[in-house]
Amino acid sequence: MREITYRQALNEALDEELARDENVCIIGEEVAQYNGAYKVTEGLWDKWGDKRVIDAPISEAGFIGMGIGASMLGIRPVMELMFFSFAYVAFDQMMNNAATVRYMSGGLINVPIVVRGPANGGTNVGATHSHTPENIFANMPGLKVVSPATPRDAKGLLKQSIRDNDPVYFMENTLLYGEKGPVPENDELPDGELLIPLGKAEVKKEGADLSLIAHGRAVITCLKAAEILQAEHGIDAEVVDLRSIRPLDEETILESVRKTNRAVYVEENKPFCGVGAQIASMIQEQAFDYLDAPVLRISSIDSPAIYSPPLEKKQLPYPELVVERALSIC
Amino acid sequence: MAKKKAEHQTDTDYAQDPVNAKLSAEDKIDLLRQMVRIRRFETVSLKYYQQGKMGGFLHLYIGQESVAVGTISLCGENDHIITAYRDHGHALSVGMSMNECMAELFGKKTGCSKGKGGSMHYFAPDKNYWGGHGIVAGQTPLGAGLAFALKYKGLKGCCLCYLGDGAVNQGAYHEALNLAELWDLPVIYVIENNGYSMGTSQERSSAHPEIGLAARAEAYGMEWDQINGENLYEVRARTQVAIDRAHNEGRPTVIEIDTYRYKGHSVADANAEKYRTKEEIQKYMNEHDPLTLWKDQLVSEGVVTEDDFKAMMKEAGEEAEAAARFAQQSDFPDESEILDDVYWEVDNDTEAGNTGRHFFH
């Protein structure tokens with residue numbers, strides 16, 4: 001199978017959805033003439049023009065809110081946040097308007113919008129540009145939160161998110177944009193295109209001794225940790241990728257834990273009420289009798305993102321740390 | 001150039017403006033009836049609120065009726081409405097029934113939002129009415145978005161996006177203004193200036209008071225106007241200019257309509273008669289009441305009599321009381337309905353709605 005980057009996979013998803021539905025448009029800072037701050041939208045303005053790919057001023061509350069309003073009337077905007085950290089500038093629109101207007105209207109309105117962009121630390125840009133708000137937005141009923149780890153998932157989940165009739169906040173990772181992975185060509189697929197449903201986790205590596213459960217780039221960290229565990233310690237770890245945080249595929253997680261009897265949740269999010277807290281709670285409630293050890297959580301060290309490059313590497317989970325913590329319960 | 005906030009001129013005969021000259025006697029009576037129905041709806045809802053029949057806040061529109069009625073009376077098939085939390089008047093003006101509006105206040109399943117929105121969150125998309133929004137100025141980017149959608153679809157229409165005078169200092173509003181002018185969006189921001197952002201007067205909240213609030217549009221190169229809200233003919237004539245601009249040029253406008261609310265910011269506003277004098281309120285009620293002035297106008301035109309008006313008030317009061325009875329007799333939503341209307345995909349039982357866990361209680 002061909003290999004393309006996470007960035008190219010996203011670009012293909014956008015291009016295909018622009019072609020499929022004339023109500024799909026892309027709005028964001030530098031998405032058009034500049035070709036995207038991270039080049040995710042490269043070439044799309046040239047191909048689709050001013051109506052479909054729109055450069056917005058630096059005005060997140062304004063243009064995200066505008067996209068929400070347009071979506072109420074049937075447009076399907078894909079909004080790019082140059083950094084998901086800037087969602088905090090548009091927080092009222094994203095939490096109060098996108099998430100609740102359906103409910104408060106008794107189901108008369110829906111908001112088929114996607115807000116996407118990188119939501120990660122680890123790039124030495126300081127705390128303001130390194131937020132990981134997946135737990136914050138997943139806390140809000142009415143919203144869906146997706147966090148793909150691989151090029152294939154990035155493409156399939158983005159296409160599905162654009163077709164979803166609820167607001168989807170799609171959280172990418174700048175450290176993954178250049179990573180390559182296998183992504184099928186459309187003519188290799190039975191349905192002629194790649195769609196991955198929200199709410200379906202995937203076992204990225206099968207194993208028998210321990211479940212490493214993660215979302216986003218932490219999945220890649222877990223895969224590396226699993227290699228070390230196997231090679232150096234003879235431990236056969238399973239790696240489960242949530243892919244979508246809300247809706248959540250609990251069954252795949254529980255199935256893994258029932259098999260391995262040990263679970264570690266790994267994420268780059270902050271620990272307090274992080275995604276791992278939700279998963280750990282769910283596991284102890286629904287798989288208590290299967291557990292041979294406490295459920296562990298590995299997350300960012302609990303401070304705002306530090307700038308200093310060597311220290312930021314240590315602030316986020318890294319394979320050796322996952323190995324060390326995993327060994328403590330094996 | 002910025003105009004100084006002028007005393008409202010009375011020498012223009014707005015009755016002769018084409019948009020008013022075409023009104024039949026029945027049309028004029030209908031405008032009066034709409035204002036009367038809003039006032040009676042509000043007084044009856046106040047009565048039951050004070051009896052403890054409703055929760056939350058109740059932001060009454062009494063005194064401002066001419067704004068919603070006058071502007072919305074100009075709307076056509078592709079014109080859309082969105083407003084803030086003082087939304088009952090707009091709801092009735094777009095044709096929502098008193099029953100669904102009153103039942104919403106009582107938190108009943110027969111309410112326009114099935115009892116899920118409350119007073120501040122009325123919606124009727126089938127009537128181009130997009131709420132009903134609780135956060136000050138939060139609706140202003142949405143209004144730009146409705147206009148964006150009209151333009152994107154190539155429809156000749158506009159969005160009337162209402163806000164209070166307190167909303168003009170929110171950042172979201174200024175971002176929306178910039179986008180509206182930058183992208184030529186057919187949106188009309190209608191500032192309903194009742195003089196007070198909750199308990200803080202305009203002079204104590206908004207800089208540069210001598211030029212008024214709409215004039216800030218000039219910073220964005222946008223057209224603006226300032227309208228005397230007590231004169232329904234003027235409201236209609238001058239709002240039509242903005243609508244024509246949106247329809248024909250695809251361009252936005254800010255209009256500021258001077259008006260007054262007789263009641264507090266909400267009924268819970270304990271200081272409604274402290275931050276302004278009783279005399280001030282009484283002066284507006286006696287001399288500037290838009291409903292009385294329109295009635296007097298129609299009496300002078302020989303379109304209605306005082307007796308007609310009294311009958312109309314009585315009829316509207318009865319309609320509002322009937323709506324209150326309807327609301328009281330309606331059921332509260334069932335507990336099982338708490339989880340309805342959160343996700344479209346779940347409500348519609350789609351494959352996406354049945355994939356993964358959506359609720360975590």
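**Entry 1: β10 and β11 of chain A**

I started with strand β10 (residues 210-214) of chain A, which is joined by five bridges to β11 (residues 237-241) of chain A, the two running parallel. A note to myself before going on: this is a predicted model. Looking across the pair, I found A214(A) opposite D241(A) of β11(A).

Next I traced the sheet around them. It is open and mixed in its pairing, with five strands in the order β9-β11-β10-β13-β14 (chain A). At its edges I noted β9 (202-205) and β14 (296-298) of chain A, each pairing on one side only. On average, neighbouring strands here are turned by 25° against each other, direction ignored.

Which helix lies across β10, β13 and β14 of chain A? I found helix α12 (residues 319-327) of chain A there, running at about 165° to β14(A).

**Entry 2: the seven-stranded sheet of chain A**

I then followed another open sheet, whose seven strands come in the order β3-β2-β4-β5-β7-β6-β12 (chain A), again with mixed pairing.

Inside it, I looked at β2 (residues 24-28) and β4 (residues 76-80) of chain A, which run parallel and share five bridges. C25(A) is set opposite P77(A) of β4(A). Helix α3 (residues 60-72) of chain A packs on this sheet, where it touches β2, β4 and β5 (114-118) of chain A. The direction of α3 makes about 165° with that of β4(A).

**Entry 3: where chain B meets chain A**

I turned to the interface and found 46 residues of chain B in contact with 58 residues of chain A. About 4,200 Å² is buried between the two chains, and carbon and sulfur atoms give 65% of it. Y152(B), Y343(B) and W344(B) supply 17% of the area that chain B buries against chain A, more than any other three residues.

How many salt bridges are there between chain B and chain A? I have two in my notes. R357(B) makes a salt bridge with E250(A), with 2.9 Å between the closest N and O atoms. I also noted 25 residue pairs in polar contact between the chains.

On the side of chain B that touches chain A, α6(B) gives the largest share, with nine residues. By type, the residues of that side divide into 25 nonpolar, 12 polar and nine charged.

Conventions: Residues numbered from 1 in each chain as written. Chains lettered and ligands numbered in written order. Predicted model: local features only at pLDDT ≥ 70, side-chain atom pairs only at ≥ 80, totals over all residues. Heavy atoms only, no water. Pairing = 2+ DSSP bridges. Helix = DSSP H or I, 4+ residues; strand = E, 2+ residues; numbered from the N terminus. Contact = heavy atoms within 4.5 Å. Axes fitted to C-alpha atoms, helices over the stretch in contact; angles between N-to-C directions. Buried area = accessible area lost by both parts, 1.4 Å probe. Salt bridge = Lys/Arg side-chain N within 4 Å of Asp/Glu carboxyl O. Polar contact = N/O pair within 3.5 Å; in protein donor to acceptor, adjacent residues only side chain to side chain. Nonpolar A, V, L, I, M, F, W, Y, C, P; charged D, E, K, R; others polar.
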